[in-house]
Amino acid sequence: MKGLRVAEATRTKYRVGGMDCAACATKIENAVGRISGVEEVGASFTAGTMNVVQADVPFIAIERAVRNLGYTLAPADAPPAVPHHHDDHGHDHAKGEQHADLGEDPWWATRKAKLTLASGVALALAYIAGLVVPAIGHWAFLVALLVGLVPVGRRALAGALSGTSFSIDTLMTIAAVGAVIIGATEEAAIVVLLFLVGELLEGVAAGRARASIRGLTHLVPKTALLEENGQTREMPAAMLAIGATIMVRPGDRIPADGVIIEGSSAIDESPVTGESVPKRKTTGDTVFAGTINTDAVLRIRVTATAADNTIALVIRLVEEAQARKAPTERFIDRIARTYTPGVLVAGALVAIVPPLLFGQPWGDWIYKGLAVLLIGCPCALVISTPAAIAAGLSAGARRGLLLKGGAVLEVLRKVTTVAFDKTGTLTAGRPVVTDIVAIGRSEKQVLSLAAALESGSSHPLAVAIVNRARADKASIPPAFGVKALAGKGVVGKVGGEAAFLASPQAAEEGTTMTADQQARIAAFNDEGKTVSVLLADGRVVGLFAIRDEPRPDAAKAIESLAHRGIATLMLTGDNRRTAAAIARNLGIEARAGLLPEDKLRIVRELQARGEVVAKVGDGINDTPALAAADIGIAMGGGTDVALETADAAVLHGRVADIPDMIDLSRTVMGNIAQNLTIALGLKAVFLVTTIIGLTGLWPAILADTGATVLVTANAMRLLGWKGR
């Protein structure tokens, strides 16, 4: 890569190997930010990535700055390179050791874990040596201390040279060296071991958060059965092209996003959506890569390449989201920059002021000052927010809830009004036959006759009738001389009969309908349904009512939002009668006949009244309102432009995921509050007990390490979040 130059004023994304903690990310940002030509840099340890805005900076210059800190760097689209190295935060990696999602060694086999074990063994041996030969006890503990302290000190020096003078490693090194000087070598060795244990657990947690999402890649099978010229052959799933036809056998995982073109089967979507009950899917239904075909052979037309399937989209959007810091996280980062120097000053004052001004013993107060340095380590404070946000984003993504960053996660809990689009959002976006009125014949006979006329059409209403005939197992006989009459309907001959599937107005031109038939049509229209009239040899034999029906969970989701004190509103371009009928069934206020600019205006009016608005939609006409809302949420199956514009996405088309998404936000922010309370509360308690002489060095670092472990474990609980 030597000599490669990045185009002027470009944003480039890199993968960073070995970056497992907030301190790692800060050191990398400081080092890369000092390079001439780098305008902006942001590193995310939760995603393992770095974004750099640069003006004509050679790649080699950025790589050298990162490598000098002990990390690896590669373009985001290249596989991570993981040579043997030791990073600046105790994160040792051996050749062949990769991230959890790429086949890495288990955490207990990493060099980082081995360093912690070596430090623990050295401490145990020193303790035994001190018991057996007391004269060498001090030197044995000094050797045990150096086993763990030398890497920490080297990291502190590397950080100072790269622009991070006041790091966690600096506090640890000063405290340990100071303890040796005042004769507390044994405690210093214990302190360093506890510090390494805390770091090891921190790295394991960061790896778990990454692996929980990137592990989704393992859901997609490596091979697929491709159909060509009536034959099937096995090929790599990654090579499937859009439009290809694949066969999926019972029990197999589906290798690509697609649409079923033949067959009907129960699909187990639990690996992707978390739903425990398999969903029955048939011709025309969408299926996702990684889900399991349970009970029948399916033929599927591929609709997305491996790089763009649902799982790849989840991984990509979550990684981008984790790289965006939430307001709370940015605030804590700003505090941390002054916090560590402040801790150094506080420790110095505790060590110096009492002996100088009040004649207290120097040894006692230097010891307390060193303990203050350890209590002040900002590990738990710094990781409290990003760990919770990373875990929350990961948990949401595994349920099909994609949030583009911590800022989105924070704002969602404040939403007071949710504005829904109708078609494709509150409804399925696919008309279905809701009612069949047979007159003088059986329902199946009427359905067969209508389906025969419509079997060659791709019009949504025609598709609805044909799908109903297939679902009801009604035969579809051949039709002859089929012809569409613009604005009226379709005519043809079926089994010797002249058949005409017409609009009510067109039907009245060719026959006289009874008062009962007209009343039925009017009632269907009042329910927002489109009516088609079937005539056979000039006589009315059937009525078909067709409507884009609400999603099964829509009413319950709106009720759920109401229970949370959140107002709901339907914004639709559809006609008022249809909108009113749907809204009445769902218990939601409707505003109909809207253009895209009308939806945008209504969102801004709500915001002007002080409402925090979430807009949910799936089409191009929703994008202005999605962009203007406080939170724009794209509905699954929507257009690419809606997904790009929105702040969040519901991949699996469940309206119930909207209240779940708000619940996730509230749960994560509650978790962050708990973490900050743990981090600051333990520090406050041990600061007081140290000053009054109740606790010393190793309880001080145990407080910091313990707080880090508790905060991390509390954040990792979010990985098990499943919604309601």
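**Exercises on a predicted model**

**Exercise 1. The three-stranded sheet**

An open sheet of 3 strands runs in the order E12-E11-E14, with antiparallel pairing. Identify the edge strands, and state over how many bridges E11 and E12 pair.

Solution. 
- Step 1. The edge strands are E12, covering 279-281, and E14, covering 292-293; each of them pairs on one side only.
- Step 2. E11 spans residues 265-268 and pairs with E12 in the antiparallel sense over 3 bridges.
- Step 3. For a residue-level check, Ile 267 stands opposite Lys 279 in E12.

**Exercise 2. Confidence along the chain**

This is a predicted model. State the mean pLDDT of the protein chain, then find stretches where the pLDDT is below 50.

Solution. 
- Step 1. The protein chain has a mean pLDDT of 84, and 87% of its residues reach 70 or more.
- Step 2. One stretch below 50 is residues 1-7, with 15 contacts in the model beyond near neighbours in sequence.
- Step 3. Residues 79-104 also have pLDDT below 50; beyond near neighbours in sequence, this stretch has 83 contacts in the model.

**Exercise 3. The six-stranded sheet**

Give the strand order of the open sheet formed by 6 strands, name its edge strands, and describe how E7 and E9 pair.

Solution. 
- Step 1. The order is E8-E7-E9-E15-E10-E13, and the pairing is antiparallel.
- Step 2. Strands E8 (231-236) and E13 (286-287) are the edges, each pairing on one side only.
- Step 3. E7 (residues 223-228) and E9 (residues 245-248) pair in the antiparallel sense over 3 bridges.
- Step 4. Across this pair, Leu 225 stands opposite Met 247 in E9.

**Exercise 4. A residue in a surface patch**

Locate Ile 128 in the secondary structure and decide whether Ile 128 is buried, partly exposed or exposed. Then name the other residues of its nonpolar surface patch.

Solution. 
- Step 1. Ile 128 is placed in helix H3, which covers residues 111-132.
- Step 2. The relative accessible area of Ile 128 is 47%. Partly exposed covers the range between under 20% (buried) and over 50% (exposed), so Ile 128 is partly exposed.

**Exercise 5. A proline in a helix**

Which helix holds Pro 151, and is Pro 151 buried or exposed? How far is its C-alpha atom from that of Leu 115?

Solution. 
- Step 1. Pro 151 lies in helix H4, residues 137-161.
- Step 2. Its relative accessibility is 9%, so Pro 151 counts as buried.
- Step 3. Pro 151 and Leu 115 are 36 residues apart along the chain, and their C-alpha atoms are separated by 9.3 Å.

Methods: Residues numbered from 1 in each chain as written. Predicted model: local features only at pLDDT ≥ 70, side-chain atom pairs only at ≥ 80, totals over all residues. Heavy atoms only, no water. pLDDT = per-residue confidence, 0-100. Contact = heavy atoms within 4.5 Å. Patch = residues over 30% accessible without salt bridge, like charges linked within 9 Å, V, L, I, M, F, W, Y side chains within 5 Å. Areas by Shrake-Rupley, 256 points an atom, 1.4 Å probe, with all protein chains shown as cover. Salt bridge = Lys/Arg side-chain N within 4 Å of Asp/Glu carboxyl O. Helix = DSSP H or I, 4+ residues; strand = E, 2+ residues; numbered from the N terminus. Buried < 20%, exposed > 50% of the residue type's maximum accessible area, 1.4 Å probe, protein only. Pairing = 2+ DSSP bridges.
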